[in-house]
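This report describes selected features of one model.

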Amino acid sequence: MALSQDVVGGVIGGADRTLDPDTIRRFVHARLAETDLDGRSVCVVVPDATRSCPLPLLLSAVHEALDGRATNVTVLIALGTHAPMTDEQLAAHLGGSYTVRNHEWWDPARLVPLGRIGADRVAALSEGRLREPVDVVVNRAVVEHDVCLVVGPVFPHEVVGFSGGNKYFFPGVAGHEIIDFSHWLGALITSAEIIGTRGITPVRALIDEAAAMIPGRRLALCLVVESGSGALHAASFGPPETAWAAAAEVSAQAHVKYLDAPVRRVLSVLPTKYDDMWTGAKGFYKVEPIVADGGQVVVYAPHITQISAMHPEIERIGYHCRDYFVKQWDRFTHEHWGVLAHSTHLRGAGTWDPEHGERNRVTVTLATGIPEDVVRAANLDYLDPATLDVDAFAADPDTLVVPQAGEVLFRLR
């Protein structure tokens with residue numbers, strides 16, 4: 001839908017334009033001015049640096065709007081299970097001077113239980129894919145404040161369909177169990193199936209159910225960012241469910257490109273904001289749907305030197321299709337489900353059976369700074385990045401080169 005440049009309800013902008021900073025600032029001021037925040041403590045939940053977002057502008061506007069009204073404001077970085085940001089990284093990422101906390105997902109003292117979603121309810125939400133209870137645990141800062149305000153972008157996402165909204169709580173600032181649980185549910189559906197799916201997917205339904213347990217008020221400023229520039233196409237404000245839905249409709253127009261036919265090879269050129277393959281795997285997720293059977297995705301990122309900063313077990317497990325795990329579940333049930341999910345997401349579609357072993361739909365080749373022996377041991381192909389000629393790839397009619405890969409989703413019509 002093409003949204004008006006003027007505020008319509010809680011939405012401004014559209015996929016066919018970008019918003020100037022003054023318009024964005026006025027929108028934030030107006031929406032927060034009409035919200036009852038006087039005398040309240042506010043936890044502002046924001047993404048880490050792996051998500052494109054003009055946070056200095058937005059947080060400055062939020063700070064101006066809350067100054068003299070909120071009793072205190074804390075900025076909480078939604079890491080999921082990513083590595084924590086350093087003070088220097090936070091200063092560059094956020095701008096200004098704020099009370100900031102990394103989401104310390106590894107520290108039980110920083111987490112608090114909210115309750116449990118029972119097995120039968122999980123079965124209903126997951127459409128029968130899982131039937132076991134999950135404990136809902138969240139960062140303590142979420143319950144220590146009266147209001148939680150999510151400020152973050154919406155993009156096509158490999159686990160939930162479209163990111164943003166309540167996803168900044170679960171998995172963004174959640175405990176490890178529900179992070180793993182939600183990611184494995186997405187993996188059972190498969191990345192290629194769920195990525196860019198509009199509406200309430202099973203994973204989104206689970207996330208919304210968990211978020212409803214948060215005792216304080218939840219609000220969201222959901223953003224649609226122009227990939228590659230950091231400018232904003234649109235912004236929406238309100239309860240996370242409605243603000244997210246409005247932004248996801250714009251993201252579906254701004255962040256999905258359609259091809260008429262599959263391609264034999266894709267070269268995904270990763271930006272430096274992805275500093276390991278755990279985050280840089282988005283360069284594969286976003287192009288897998290357009291690769292022909294038997295084709296290849298080359299992920300080009302000479303700056304990446306490790307598979308995962310926080311999850312070294314992925315090197316032991318390697319990258320495999322979903323059925324490799326599901327059909328040998330006794331071997332893998334004890335592993336972190338989030339690690340298994342990441343494994344399937346980067347390996348893509350495939351099959352496994354005892355007679356033929358694993359057969360994958362496409363070849364995944366890393367042209368990174370990760371050593372060749374590490375790459376091959378993880379069940380991926382290797383290409384020396386020093387030998388890769390981007391211009392030669394671009395001149396090949398069977399190859400699509402995707403610069404700044406990781407945010408725009410490619411699909412077939």
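## Helix pair α6 and α8

Within what distance do the axes of helix α6 and helix α8 come, and at what angle do they cross? The axes of α6 (residues 176–189) and α8 (residues 202–211) come within 9 Å and cross at roughly 160°. That makes α6 roughly antiparallel to α8, the term being used for angles over 145 degrees. Axes are lines fitted to C-alpha atoms, for helices over the stretch in contact, with angles running from 0 to 180 degrees between N-to-C directions. The crossing of the two helices is right-handed; that is, the near helix is turned clockwise from the far one by less than a right angle.

On the α6 side the contact involves Ile-178, Phe-181, Ser-182, Leu-185, Gly-186 and Ile-189, which meet Pro-202, Val-203, Leu-206 and Ala-210 of α8. Contact means heavy atoms within 4.5 Å. Eight of the residues in this contact are nonpolar, two are polar and none is charged. In this division Ala, Val, Leu, Ile, Met, Phe, Trp, Tyr, Cys and Pro count as nonpolar, Asp, Glu, Lys and Arg as charged, and the others, Gly among them, as polar.

## Basis of the model

The model is predicted: local features need pLDDT of at least 70 and side-chain atom pairs pLDDT 80 or more, while totals for chains, interfaces and linings use all residues. Residues are numbered from 1 along each chain as its sequence is written, and side-chain values use heavy atoms, with hydrogens and water left out.

Helices (H or I, at least four residues) and strands (E, at least two) are DSSP runs, numbered from the N terminus.

## Helix α15

Helix α15 spans residues 337–347, and eleven of its eleven residues are buried, so the helix is largely enclosed by the rest of the structure. Buried means under 20% relative accessible area, exposed over 50%, and partly exposed in between (1.4 Å probe, protein chains only). Among the buried residues are Trp-337, His-342, His-345 and Arg-347. Just after α15, Gly-348 has a positive phi of about 80°.

## Salt bridges

The whole structure contains 22 salt bridges, each a side-chain nitrogen of Lys or Arg within 4 Å of a carboxyl oxygen of Asp or Glu. One of them joins Asp-38 and Arg-69, with an N to O distance of 2.6 Å. Asp-38 lies in the loop between α1 (21–33) and β2 (41–47), and Arg-69 in the loop between α2 (55–66) and β3 (72–78), so the pair ties together parts that are 31 residues apart in sequence. Asp-38 is partly exposed at 44% relative accessibility, whereas Arg-69 is buried at 19%.

A salt bridge also joins Lys-273 and Glu-407, whose closest N and O atoms are 2.4 Å apart. This pair links distant parts of the chain, 134 residues apart: Lys-273 is in the loop between β13 (263–269) and α10 (277–280), and Glu-407 in the loop between β19 (399–402) and β20 (409–412). Lys-273 is partly exposed, with a relative accessible area of 23%, and Glu-407 is buried at 4%.

## Ile-304

Ile-304 lies in the loop between β14 (291–301) and α12 (313–317). Its relative accessible area is 0%, so Ile-304 counts as buried. Leaving aside neighbours within four places in sequence, Ile-304 is in contact with residues including Leu-270, Tyr-274, Met-277, Thr-368 and Ile-370. The C-alpha atoms of Ile-304 and Asp-67 are separated by 40 Å, the two residues being 237 residues apart along the chain.

Methods:
Parallel < 35°, antiparallel > 145°, perpendicular 65-115°, else oblique.
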